[in-house]
Amino acid sequence: MTKDNVKDSDVHLVVAPPFFTKMPNIGVGYLASYLTRRGFKVSVSDLSVKLYNSASVELKRFWNIDCVNNFFQSEIAENIFKNFRKEINKFLNDFLATNTRVIGFSVNMISIYLANVMAKLIKEKDPQRLIIFGGPGAFYNHPRDQIRPNFSDIYVIGEGEVTLFNILDAYFNNREIATDAPGILLTKDLGKRQPLPSPINPNLDELFYPTFSGFDLKEYNQGDEYKPIPILFSRGCVRRCAYCIDYHMWPKFRFRSPSLIMEEIRYHVTNNNAKAFEVIDLTCNGDLRKLSELCDLIIESGLEFTWVSYAIIRKDMSFELLEKMKRANCDTLIYGVENGSDRVLKLMGKGYTAEGASEVIKNTHKAGIRTNINIIVGFPGETEEDFKQTIKFIYQNKDYINEVTNISGCTLFPTADLGIHKEKYGVCWEEGTEPMLFHDANGLGREGRNERVAKLVEIVNNLKLSKSIVNKPSLNPEVKELMELLDLEDGAI
Ligand code: B12
Ligand code: SF4
């Protein structure tokens, strides 16, 4: 690792490993741009991509999403630490050799373990450095509470830009940091008080946009010409699905000004030679009017690039808009369709029917946009009959679906509506066991859910729809029987 990443600054931001290495971390990008514009000197290290690029093929697997299902999260972090001790120590020594007083780690539920080890090593050498953890691993209780003892000084909960600015402003002006302010949790108060998340900024435009100037963009997705830049049109979601906790981090849906998004796109096309963007919103179509305005601006600009995004199924997603999105360089939409049974869709709170989903999928395909879908099986209350409806849905729409990107067994987070209102959904799990092992009122448990996943994976493979299915349990021998029963080739269902 070169030393030039770690230079004298007011705050050094670190992407803790493992984090995705295809493109830079947009949260850290936002923080760096925002703080820089507000007068702080910021430096950045993406320790995740650095370690990944130097790793053997064998060790690279710890960055693989599949790893999450096969190892304990702490095991992944421990293995990375064990195998990269030399590089990590070098990074820490480089940091300690600077005059930078504050270090901020961006953590998720896996990388928080390794960040904590690094925090410990820093504190052993210089207890005066201020260590801040932020990101999803700091936001949700579960990862925060897992690590003991905890060597950071402060957790930032939720949207970080303004809260981190306030902390640094107080720190550098010798004022007390407001330790009971929303968004701030002192590590010594862990378990003593439940923090409130940072107040969200009603106007996202004030947060500017990430220029990624402190990042080395050549480091990402090495060996592949596809070098996407992550971008956000909005934060939050307009839906509240029963199993979801993603929107909790962004309790209010906000769409940025189309003109500022256009400025950001132009910036990256001009300065970073960007040819592809990955829109990492929870959904790009939460505000159709603004999305349409943005498409007009892109078409007008004549810039050449592509973009892909998640989207929700909504009735008012017209063919005209989809066609305009195509002209505005939209290459792929990934719809969280989730299920083919109207009964289950209603239980999930999705707000559309299978027929409605089918209509949007057909229109997307007709507009020339690659159409990918995600599926969840085994939502509490899903019967065999419901499951067959999902198979039927995929079969009936197979000519309009390019890829079934993800098939998952339903997961249960205790803080999702599904976990909070257990009785309403008829779910329970044995005391002392993981909520993921829940079973529903019909007795469907993890094994049953995995069987349904395996059946669907095989069906989708046979239809040649799959390309990158994330969840791959071992295949179930009953799949063939089920296929015969449904007589898919004849279209009999
Ligand atoms: C887009 C996304 C991805 C993209 C990442 C693209 C990228 N380059 O960023 C992809 C699809 C690759 C991805 C993969 C994974 N993801 Co993901 N992803 C998301 C999603 C939907 C949005 C994240 C995002 O970028 N938000 C926008 C930016 C602005 O927010 P941010 O990064 O969180 O940063 C803000 C704050 O957190 C804070 N902050 C962040 N860092 C720091 C640091 C400091 C010092 C401070 C003060 C503040 C701070 O300030 C930032 C600005 O406001 C979230 C859902 C959610 N709740 O947001 C899940 C989420 C982050 N993903 C998650 C997971 C588990 C994963 C995976 C491990 C597997 C999986 N099941 O998908 C893999 C990781 C693979 C890997 N090797 O790392 C979990 C993390 C759970 C946890 N507690 O850590 C989330 C929360 C979803 C969930 N609820 O399960 N993901
Ligand atoms: S549409 Fe997606 S992000 Fe929005 S609440 Fe539902 S699952 Fe969560």
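**Labels and their cut-offs**

Reply: Start with Phe 208, which lies in the loop between S6 and strand S7 (229-231). Strands are DSSP runs of E with at least two residues, helices are runs of H or I with at least four, and numbering starts at the N terminus. The model is predicted: local features need pLDDT of at least 70, side-chain atom pairs count only at pLDDT 80 or more, and totals for chains, interfaces and linings use all residues. Residues are numbered from 1 along each chain as its sequence is written, while chains are lettered from A and ligands numbered from 1 in the order in which they are written.

Me: Why is Phe 208 called partly exposed?
Reply: Buried takes 20 or more other C-beta atoms within 10 Å of a residue's own, exposed takes 12 or fewer, and partly exposed is in between, with C-beta atoms placed from the backbone. Phe 208 has 17. That count falls in between, so Phe 208 is partly exposed.

Me: What is phi of Phe 208 near?
Reply: Phi is near 60°. That is a positive value, in a residue other than glycine.

Me: Why does Glu 338 count as buried?
Reply: Glu 338 has 24 C-beta neighbours inside 10 Å. Buried needs 20 or more, so Glu 338 qualifies. Its place is in strand S12 (residues 330-338). Phi of Glu 338 is positive too, at about 75°, although the residue is not a glycine.

Me: What makes S1 and S2 a strand pair?
Reply: Two strands pair if DSSP finds at least two bridges between them. Strand S1 (residues 11-15) and strand S2 (42-46) are joined by 5. They therefore pass the test, and they run parallel. Within this pair, His 12 stands opposite Ser 43 in S2. Helix H2 (47-54) packs on the sheet there, touching S1 and S2. The direction of H2 makes about 35° with that of S2. Such angles run from 0 to 180 degrees between N-to-C directions, with axes fitted to C-alpha atoms, for helices over the stretch in contact.

Me: Which strands are the edges of this sheet, and how do you know?
Reply: The open sheet has 6 strands in the order S2-S1-S3-S4-S5-S6, with mixed pairing. S2 and strand S6 (184-186) are the edge strands, as each pairs on one side only. Neighbouring strands are turned by 25° against each other on average, direction ignored.

Me: How do you know that S7 pairs with S10?
Reply: S7 and strand S10 (residues 276-279) share 3 bridges. At least two are required, so the pair counts. One bridge partner of the pair is Val 279 in S10, facing Ile 231. The pair belongs to an open sheet of 6 strands, S7-S10-S11-S12-S13-S14, with parallel pairing. S7 and strand S14 (403-409) are its edges.

Me: What makes domain 1 and domain 2 touch?
Reply: Contact means C-beta atoms, placed from the backbone, within 7 Å. By that test, 22 residues of domain 1 are in contact with 21 residues of domain 2. H1 gives the largest share of domain 1's side, 7 residues. By class, that side has 12 nonpolar, 6 polar and 4 charged residues. Ala, Val, Leu, Ile, Met, Phe, Trp, Tyr, Cys and Pro count as nonpolar, Asp, Glu, Lys and Arg as charged, and the others, Gly among them, as polar. The bounds are 3-196 and 204-471, and they come from an automatic or database domain assignment.

Me: Which residues come nearest to ligand 1, and what puts a residue in its shell?
Reply: A residue is near a molecule if its C-beta atom, placed from the backbone, lies within 6 Å. The shell has 37 residues, and Gly 27, Gly 104, Ser 106, Gly 134 and Gly 160 come nearest. Helix H1 (26-37) is among the elements that give two or more. Its share, 5 residues, is the largest. The shell draws at least three residues from each domain. It divides into 25 nonpolar, 9 polar and 3 charged.

Me: And which residues surround ligand 2?
Reply: Among them are Cys 237, Cys 241, Cys 244, Arg 239 and Arg 240.

Terms used. Two residues are in contact if their C-beta atoms, placed from the backbone, lie within 7 Å.
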